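Subject: Model handover and notes

Hello,

Here is the model we spoke about.

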Amino acid sequence: MNCKSVILAAGLGTRMKSSKPKMLHSIGGMPMVWWVLQAVLEATDQRPHMVIGPDDSAVEAFVGDRVHFVIQKERMGTAHALMQTASDLQGSSELVLVINGDMPLLQAGTLRKMIEVQAKNKGPVTILTAKPSKTRGFGRVMRASDGSIREIMEEAHASPEQLAMKEVNVGAYCFHAEWLWSQLPELPPSPKGEYYITDLVGEAVSTGESVGWVEVEQDDEIIGINTRQHLAEAQNAARRRINRRWMLAGVSILDPEGTYLDASVTIGVDSTIMPNTYIQGDSEIGEDCFIGPNSLIIDSSIGDRCKILMSVVKNATLEDEVDIGPFAHLRPGAHLCKGVHMGSFGEVKASKLGPGVRMGHFSYVGDTTIGENTNIGAGTVTCNFDGESKHETIIGENVFIGSDTMLVAPVKLGNGSRTGAGSVVTKDVAENTLVAGAPARAIRKLDKRDK
Ligand code: UD1
Ligand code: MG
């Protein structure tokens, strides 16, 4: 059955006490609106309508053309918000699914079930209900003695007896379209002067129609976000959902309560994630990796069989079999080729370390290219900044940089060259040449005895 959908997202989100739209607050690394949108797209397979406020251009910019936007100029309640889509949607479908934008963890399967129930329902609407452990300000579902739904009572207008009812209105509805578009303009305002979508339920019952329902059993699907506290609860629930998914896909997570994976991250089979690890943004982790504990990986690509121990990695690429840490810091543009070893307290920025490069202890490498199998001694620093601009260092293959060498950029070291411990290299070094001293001067040509 053809089903159009509407996401209501124009509310001011006043209770968030934030300068940004509620829909852009992040859950599992993605704005709240992304979660709702995914679920609705998956359930209906059609481009939804999204009602937003006049100041929500940031929401518009994030969502782009995945939805049809409709602006609600004055916030006059959920039914008024839905009314803004009437001229677009009237006559275009048999069913209309409406979902509150602040219910980010509702799953596509639940929405699909609502569509199925309403497709068979003789009455005009199916609502989503739950009996959660916390009622968190939700409207209450009132039933008659025969079990049929009578109305939805908003918490603000409910009597103590009504508040004692534990069944709540989750905030998703599937309507018979023709009925919806004829009834919606007729709704009277609530005692607060707003127009409530929930009043459509009472309207249906008063004309002898029956109301269908689907009950959500998982508490974690129905966390409505009105406050920062709700946001934290949703973040926890999302984290569990994401971790469960990766464990089912063959990833070991030692402490699912203390592992923070964004919804956008991917991880290969047989990888192990140790506690207190954060993997964020556009990050991909290969197979059979060992990550953590205490690591932060942002927007990075990690190959197979890598080991990242207590480290921070941002906008970096690690090819297969790279191991770093403890306490390594990879900054934007760090590219570690296959088999690179980087030990404790190293920092790499905008540099390519060729296959098999070893950089064992506390070094800084910036704006540098390093050839295959070169060894970077402890305490090596590429002095890439002269106070005004950044300069490049180029180190060849099979080079041996002695401990505590300062490479004053711009500078080039030829293949097979060496620096003595404590060298300050200010001039290019020819191939197979040993330099030492501060500033370093040529001592002799290397020969076979040095290899
Ligand atoms: C609403 C329901 C309540 C339900 C709860 C569950 C009504 C009257 N009440 O209450 O029964 O238990 O959701 O989540 O519907 N919005 C607009 N324009 C407006 C007002 C709201 O687009 O003028 C949007 C909001 O952005 C939000 C959604 O509609 O995504 C719900 O509004 P909100 O103010 O959060 O309603 P609740 O108090 O949570
Ligand atoms: Mg709400």
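The notes below cover the metal site, the pockets and a few backbone features.

This is a predicted model, in which local features need pLDDT of at least 70, side-chain atom pairs count only at pLDDT 80 or more, and totals for chains, interfaces and linings use all residues. Residues are numbered from 1 along each chain as its sequence is written, chains are lettered from A and ligands numbered from 1 in the order written, and side-chain values use heavy atoms, with hydrogens and water left out.

**Metal site**

The magnesium ion (ligand 2) has Asp102 (OD) and Asn226 (OD1) as its protein donors, at 2.1 to 2.5 Å. Donors here are N, O and S atoms within 2.8 Å of the metal (3.2 Å for Na, K and Ca); water is not among the atoms, so sites may look incomplete. The two residues are 124 apart in the chain. Asp102 sits in the loop between strand 6 (95-100) and helix 5 (108-120). Asn226 sits in the loop between strand 11 (211-216) and helix 9 (228-248). Helices (H or I, at least four residues) and strands (E, at least two) are DSSP runs, numbered from the N terminus. Asp102 counts as buried because its relative accessibility is 14%. Asn226, at 12%, is also buried. The cut-offs are under 20% relative accessible area for buried, over 50% for exposed, and partly exposed in between (1.4 Å probe, protein chains only).

The largest pocket has a volume of about 1300 Å³. It has 47 lining residues, and Arg15, Lys22, Thr78, Asp102 and Asn226 are the closest to its centre. Helix 3 (78-83) and strand 10 (168-176) each give two or more residues to the lining. Strand 10 gives the largest share, four residues. By class, the lining holds 17 nonpolar, 18 polar and twelve charged residues.

A pocket is an open set of points on a 1 Å grid over the protein atoms alone, where a 1.4 Å probe fits, with protein on both sides within 12 Å along at least five of seven lines; lining residues have an atom within 4 Å of a point. Grid points are joined across faces, edges and corners, and the volume is the space filled by probe spheres set on them. Ala, Val, Leu, Ile, Met, Phe, Trp, Tyr, Cys and Pro count as nonpolar, Asp, Glu, Lys and Arg as charged, and the others, Gly among them, as polar.

The second largest pocket has a volume of about 380 Å³. Its lining has 17 residues, with Trp34, Trp35, Glu42, Gln107 and Arg241 nearest the centre. Helix 1 (32-44), helix 5 and helix 9 each give two or more.

**Backbone and a buried loop residue**

Gly325 and Pro326 are joined by a cis peptide bond, with omega about 5°. Pro326 is in the loop between strand 24 (323-324) and strand 25. The bond from Ala409 to Pro410 is also cis, with omega near 0°.

Arg136, not a glycine, has a positive phi of about 30°. Asn373 has one of about 60°. Asn373 counts as partly exposed because its relative accessibility is 44%.

Ala334 lies in the loop between strand 25 (329-330) and strand 26 (335-336). Ala334 is buried, at 2%.

Best wishes
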